[in-house]
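Biologist: I am new to this structure and would like a close look at one part of it, the pairing of charged side chains. Could you take me through it slowly?

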Amino acid sequence: MHHLGATRSSLKADHLLQTPDTFIRTPLPGAEGVVFIVHAAPQLGARFTQMTAEFAAGGSLGPAPAQRFIYVIEGNLELNASGRLHVLSAGGYAYLPHDVSHTVRATSASRAVIIEKRYEPQAGAAAPEIIVGDEAAVNPVALMGDNALRVCSLMPDGPAYDFAINTMTYDPGAALSMVEVHVMEHGLLMLEGGGIYRLGDSWYPVQAGDFIWMAPYCPQWFGALGKRPAKYLIYKDWRRHPLKAQAGA
Ligand code: UGY
Ligand code: MN
C-alpha cells in the first residue's frame, strides 16, 4: 500500500529520528564499492559525522578526514594500519587517531558504522592510540547498579580521547532510570529490539535499524519493549571543556 507521505522519521530543532524508509544512499570521495547513509553531519548541527557504510565485496573506504571509529554490523572488514592487518567481523571495532593513515577493505558484503570527529587536543594529554577490539571481549557494566541495563564501553576513558562509544543492552521492560538532559550530543543506532524513546517533548516507537541524533541538552529517555532485549550503539563527545568545543566536525 502507498505510504501516503507517512513515516516515523522526525526532525526537530534538538533531535532527529531517521528510520530506514527515509534513508538515501550516497557515494563519498575516495571510497570504492561502498555507499553511505549519512545520518549525522555538521549540516544537521552535529559536531561529528555518523554514517552507515554498505560495502560490496572488495569495497574500500577512502582516507579519513578526521579521527575515525568503525563498528562492524555484518560481514568482514580488513583494516591495515601501522603495518598491521586486522580482521573485523560483526561486533569488531577499531579507532584510528586523526593522523593514522590506514585502509579498510571488505572481504565480503558488509555493513559498518563509521563515526568521524575532528580531534580536540588536550594540553598535557598523551596522543591517542589505535584501538582494535571485539565487543564480545568487553565486560558489560550494570548502569547505576541495574543488571537489566548493561553498558559496554568500546573506547578507553582517558584524557587522550575526546569521545566515547558504548553499546547499551536493555532487557525487556528495562529503562533509563532518569530523563537525561546533558551537554554532550549523541548519535545512536538501534541494533536490536525496540522500545519507546523520549526525545525533547516527543515519545517515539523505535526499532532496530533506526538512527537518532540528540543535540546537546535534548531531554532523553528510553524504555525497552517486546520479548527480546533492545540494544543500541551510542556516541557522545566526552572529556573536553565546553568552551573549547569546535564548530563543525
Ligand atoms: O551515556 C549516556 O548519556 C546515555 N545514558 N544516554 C542515552 O542512553 N540516551
Ligand atoms: Mn545520554
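Biologist: To begin with one residue, what is the relative accessible area of Glu78, and how is Glu78 classed by it?

Modeller: The model is predicted, so local features need pLDDT of at least 70 and side-chain atom pairs count only at pLDDT 80 or more, whereas totals for chains, interfaces and linings use all residues. Residues are numbered from 1 along each chain as its sequence is written, chains are lettered from A and ligands numbered from 1 in the order in which they are written, and side-chain values use heavy atoms, with hydrogens and water left out.

Glu78 has a relative accessible area of 25% and is partly exposed, where buried means under 20%, exposed over 50% and partly exposed in between (1.4 Å probe, protein chains only). Its side chain meets that of Arg105 in a salt bridge, at 3.7 Å from N to O; the term stands for a side-chain nitrogen of Lys or Arg within 4 Å of a carboxyl oxygen of Asp or Glu. Glu78 belongs to strand β6 (residues 76-81) and Arg105 to strand β9 (residues 102-106), so this pair ties together parts that are 27 residues apart in sequence. Helices (H or I, at least four residues) and strands (E, at least two) are DSSP runs, numbered from the N terminus. Arg105, at 39% relative accessibility, is likewise partly exposed.

Elsewhere, salt bridges that share partners join Arg47, Lys117, Glu120, Asp162, Glu185 and Asp237 into one network. Within that group, Glu185 pairs with Arg47, the closest N and O atoms being 3.9 Å apart. Glu185 sits in the loop between β14 (163-170) and β15 (186-192), while Arg47 sits in the loop between β3 (32-40) and β4 (49-60), so parts 138 residues apart in sequence are tied together. Glu185 is buried at 1% relative accessibility, and Arg47 is buried too, with a relative accessible area of 19%.

By the distance rule, the count comes to 15 salt bridges. One of them joins the side chains of Asp210 and Arg8, at 2.8 Å from N to O. Here Asp210 lies in the loop between β17 (202-207) and β18 (211-214) and Arg8 in the segment before β1 (10-12), so the pair links parts that are 202 residues apart in sequence. Asp210 is buried, with a relative accessible area of 0%, whereas Arg8 counts as partly exposed at 29% relative accessibility.
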